[in-house]
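Trainee: Could you help me learn to read a protein structure? I'd like to go feature by feature.

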Amino acid sequence: MLNSHQVAAFKENGYLVLPEFVSAAQCRSLMDRAGQLIDTFDPGDHPSIFTTHEQRRHTDLYFLESADRISFFLEEEACDGNGHLLVPKHRAVNKIGHAQHDLDPVYGQFSRTDDLAELCADVGFADPLLLQSMHIFKHPEIGGEVTCHQDSTFLYTDPMTCTGFWFALEDATLENGCLQAIPGGHKSGLKSRFLRHGTDVSFDHEDTAPWPMEKLVPLEVAQGTLIVLDGLLPHYSAANRSGRSRQAYTLHLIDGQAHYPDDNWLQRSPDMPPRGFN
Ligand code: FE2
């Protein structure tokens with residue numbers, strides 16, 4: 001799948017951009033499926049707002065129990081102070097997560113392909129496990145900012161093996177909140193871990209220095225592009241104030257040969273362990 005130059009660039013930069021990795025039709029099928037899933041979602045049941053702003057981070061039981069479910073998280077600006085929707089539900093969902101790749105056949109087919117399995121081998125996986133999936137909407141005008149972070153903060157393994165596959169389901173530009181990353185930033189180590197203690201969560205900061213945001217490089221990509229992200233790569237996306245959505249699908253993989261600690265927030269139930277490509 002990858003040539004030696006691409007593997008070297010991934011090791012050097014911490015990310016790799018692969019245009020036309022999936023077809024427009026595949027992107028469309030995932031966006032259509034997301035719409036069908038939202039049809040079944042009753043936001044009255046459990047309004048759960050997703051924000052990455054640490055002060056306002058509202059990590060409820062619905063979030064903590066989403067490791068092996070298909071759950072719906074709302075956009076902060078789509079709700080009033082009481083969690084009631086200010087916009088129609090199809091415009092209000094921030095993301096769907098975190099196990100649709102195991103529970104839904106359309107997501108399963110998109111997520112388990114020979115191409116992705118080959119890519120995993122190329123970037124050094126011995127026993128790739130598809131741990132987490134997210135369909136991110138970044139709706140027009142209200143799509144929230146995702147503050148600068150490393151994915152290994154949330155999906156830590158020892159040694160660190162978390163790798164993200166970020167699929168542009170629509171064109172992603174600076175205008176609609178494309179991914180931004182700090183090239184080579186994965187070489188500076190892990191800044192913090194997000195820890196779970198029962199139903200409580202906290203950050204354990206190793207390094208409290210602010211991110212060098214001036215080093216962020218925008219990764220503007222066309223629909224169908226796959227961006228591979230080292231779990232230690234600092235990345236960010238701005239709020240979407242444009243009139244166009246920026247849907248993306250992400251998969252986060254870990255290596256089954258690494259230790260997965262029981263104080264990570266995401267814990268699969270024993271009867272649904274993370275699976276590889278088979
Ligand atoms: Fe991320």
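Trainee: Which residue is the bridge partner of H149 in β13?

Mentor: Happy to start there, and remember that this is a predicted model. In general, strands of a sheet pair through backbone hydrogen bonds, either parallel or antiparallel. Here, H149 has H235 of β13 as its bridge partner. The strands β6 and β13 pair in the antiparallel sense, over two bridges.

Trainee: What is the order of the strands in the open sheet?

Mentor: Four strands make up this open sheet, in the order β6-β13-β8-β11, with antiparallel pairing. At the edges stand β6 and β11 (217-219), each with a single partner strand, so one side of each has no neighbour in the sheet. On average, neighbouring strands are turned by 25° against each other, direction ignored.

Trainee: Which residues are the protein donors of the iron ion?

Mentor: They are H149 (NE2), D151 (OD) and H235 (NE2), lying 2.2 Å from the iron ion. Along the sequence, their spacing reads H-x1-D-x83-H. D151 sits in the loop between β6 (146-149) and β7 (163-168), while H235 is in strand β13 (residues 235-237), so read this pair as a link between distant parts of the chain, 84 residues apart. Both D151 and H235 are buried.

Trainee: Now a helix, please. Which residues of α2 are buried?

Mentor: The general idea comes first: an α-helix has 3.6 residues a turn, so residues three or four places apart point the same way. In α2, the buried residues are C27, L30, M31, A34, L37 and I38. Seen down the axis of α2, they fall within an arc of 115°, so they line one face of the helix. The face turned away from that buried side carries the exposed residues A25 and D39.

How values were computed. Residues numbered from 1 in each chain as written. Predicted model: local features only at pLDDT ≥ 70, side-chain atom pairs only at ≥ 80, totals over all residues. Heavy atoms only, no water. Donors = N, O, S within 2.8 Å, 3.2 Å for Na, K, Ca; no water. Buried < 20%, exposed > 50% of the residue type's maximum accessible area, 1.4 Å probe, protein only. Pairing = 2+ DSSP bridges. Axes fitted to C-alpha atoms, helices over the stretch in contact; angles between N-to-C directions. Arc of directions from axis to C-beta.
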